[in-house]
Amino acid sequence: MHALDWIVLITTLAAIVGYGVFKTRRRGAGELLSGSKDVSLWTIGLGIMATQASAITFLSTPGQAYAEDMGFIQFYFGLPLAVILVSIFFVPAYRKMSAITAYQFLEQRFDRKTRLFTAALFLMSRGLAAGITIFAPAIVLSAALGVSLNLMIVIIGLIVVFYTVSGGSAAVAVTQKWQMLTILGGMGIAAYLLVDKIPVSLPQAYDIAGRMGKLNIINTSLDPGTRYTLWSGLAGGLFLSLSYLGTDQSQVQRYLGAENQSTSRFGLLFNGVFKVPMQFSILAIGVLLFVFYQFTQPPIFFNESEVKRAPIEIQATLDQLENRHTDVFEAKREALFQGDWEAVDAHKEQLVQLRETYMATLEANVPNFQRKDTDYVFITFVLNFLPKGLVGLLLAVIISAAMSSTAGEVSALATTTYVDYYTVFKGESQRPKRTIRTLTFVWGIAAIGVALAAPLYENLIQLVNVLGSLFYGTILGIFLVALFMKHIGGKSIFIAGIVGQFVVFLVHYLNTADLISLGFLWYNVIGSAVVVCIANILHFGLKQQDLSS
Amino acid sequence: MTIKNTSIVNWKKYYIGVVALLVAEIVAFYFITRQYV
């Protein structure tokens with residue numbers, strides 16, 4: 001990478017972090033826990049989006065549209081509806097009792113054990129996820145920049161720990177606004193340059209993308225095994241978003257850090273309005289990348305670090321396949337310029353087969369070969385085709401995204417540990433600022449530890465992708481009963497929560513063992529439904545028992 | 001911008017706006033998809 005890129009990268013990151021630390025340098029314990037009350041709705045709205053958008057969003061999402069289509073957008077259709085429900089029901093409930101964490105509400109409504117159980121589910125899922133939000137981008141950035149993976153994890157992790165420990169939730173809120181603006185600005189510039197580099201007009205690019213299946217956005221299939229459909233997006237996405245926005249402390253902390261209920265609600269609505277267009281724009285960048293690579297030859301396999309691991313004996317075979325790939329690509333490009341779609345399709349098929357053979361050759365000769373290279377599509381474009389200086393800015397975008405989501409999670413983990421466990425068992429700390437900072441430090445180091453250990457577990461990334469959905473259904477079920485079924489008490493909901501969690505684990509086991517086929521978004525619906533049903537059955541069962549005795 | 005007064009906000013109007021935007025997006029996406037299927 002050029003020296004100018006390093007300067008832009010380091011200056012951008014240092015400016016954002018320095019600003020966050022400076023703005024929150026003399027804050028009290030309350031602001032470390034729940035943020036400063038004088039934040040604007042822009043800070044809240046952008047903060048909610050920044051916590052949600054991890055670095056992998058910007059690395060993976062364009063790659064997904066490049067390799068498949070834009071169907072992933074359906075995953076977000078439930079979010080605007082969830083925003084409205086959270087705004088109507090959850091926000092007033094939390095603000096009425098001046099809650100710092102969502103789980104405090106459960107003790108007031110049910111009992112302490114339900115609060116502790118739900119907070120534990122959150123700490124488990126988020127604790128692991130925080131590590132992965134560092135690990136996932138670090139693996140791509142380290143491969144792309146040629147820096148050691150562990151060093152990359154430690155650098156990202158320590159910067160996050162530094163400003164989160166220093167300024168707590170208040171620093172997270174302040175930095176996230178600037179991180180999100182950097183992210184949006186950087187992605188906008190990338191899109192502009194991409195359009196500039198495509199040798200055909202935008203309507204022609206649109207037509208090419210459409211004819212080659214990239215503009216498949218809505219899938220109305222009723223097959224529950226299809227991961228992203230309109231129905232799983234609306235129903236599963238609604239439940240997932242409702243649980244995430246309404247009960248995940250990393251989100252709740254952002255909008256409870258507002259001066260009043262209206263600012264909290266506007267911050268949420270901001271997210272409801274801009275989330276789908278933002279994700280659509282990121283997917284559109286992936287489609288533009290696809291069109292760009294119809295005219296500029298892409299590498300046959302995007303993860304170069306995997307290709308470099310190939311033994312010398314297969315080099316001649318790989319070179320042969322690459323040369324053949326170049327020839328077919330040239331023929332396809334010619335056919336594309338002439339509008340000969342039959343020839344384009346035939347060459348496209350040949351290219352797919354060559355890539356398959358190439359990957360099969362690597363797989364047979366490289367130990368633990370990673371086939372998935374879609375996360376490297378966008379970063380490869382950034383590193384190879386953007387002008388000097390902008391490469392540094394785009395890398396700052398990706399690292400900012402990693403830092404903003406990890407910081408939001410670490411801060412929420414520390415707040416929950418302090419409010420829901422420390423003060424419950426040990427009472428208010430004599431030196432609250434020090435205790436909160438220690439807890440933040442411990443969670444930050446734990447996240448770095450999980451990220452460093454992640455390569456030891458082959459399926460961890462896969463697990464973490466579904467991790468949210470594994471726990472969110474149960475948590476949401478508990479909160480739905482708390483808000484809407486006033487007749488149900490602590491005993492019924494506690495047992496229902498345990499049963500609900502067990503059922504979701506069982507369904508996931510059956511799914512991974514290929515005994516059933518179910519998109520993971522449905523776990524949220526199942527978990528919530530089981531908790532609500534079991535809680536009602538137990539409630540009426542216990543009532544009958546009381547009556548008969 | 002910090003909103004001071006809760007009572008004057010007509011929330012129903014905002015909620016309808018968010019739902020209408022989502023419906024418009026889904027319809028637009030549906031027609032884009034149908035163009036090439």
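Colleague: How many residues of chain B are in contact with chain A?

Modeller: In this predicted model, where local features need pLDDT of at least 70, side-chain atom pairs count only at pLDDT 80 or more, and totals for chains, interfaces and linings use all residues, 18 residues of chain B are in contact with 24 residues of chain A. Contact means that the C-beta atoms of two residues, placed from the backbone, lie within 7 Å. Residues are numbered from 1 along each chain as its sequence is written, and chains are lettered from A in the order in which they are written.

Colleague: Why are H12(A) and H1(B) called roughly parallel?

Modeller: The axes of H12 (residues 261–295) of chain A and H1 (residues 11–35) of chain B cross at roughly 10 degrees and come within 10 Å. Angles under 35 degrees count as roughly parallel, and the two helices are therefore described in that way.

Colleague: Which residues of H12(A) meet H1(B)?

Modeller: A:Leu269, A:Gly272, A:Val273 and A:Val276 meet B:Tyr14, B:Val18, B:Leu21, B:Leu22 and B:Glu25.

Colleague: What is the predictor's confidence in chain B?

Modeller: On the pLDDT scale, which gives confidence in each residue from 0 to 100, chain B has a mean of 84, and 81% of its residues reach 70 or more. For the complex, the predictor gives an ipTM of 0.88 and a pTM of 0.85.

Conventions: Axes fitted to C-alpha atoms, helices over the stretch in contact; angles between N-to-C directions. Helix = DSSP H or I, 4+ residues; strand = E, 2+ residues; numbered from the N terminus. Parallel < 35°, antiparallel > 145°, perpendicular 65-115°, else oblique.
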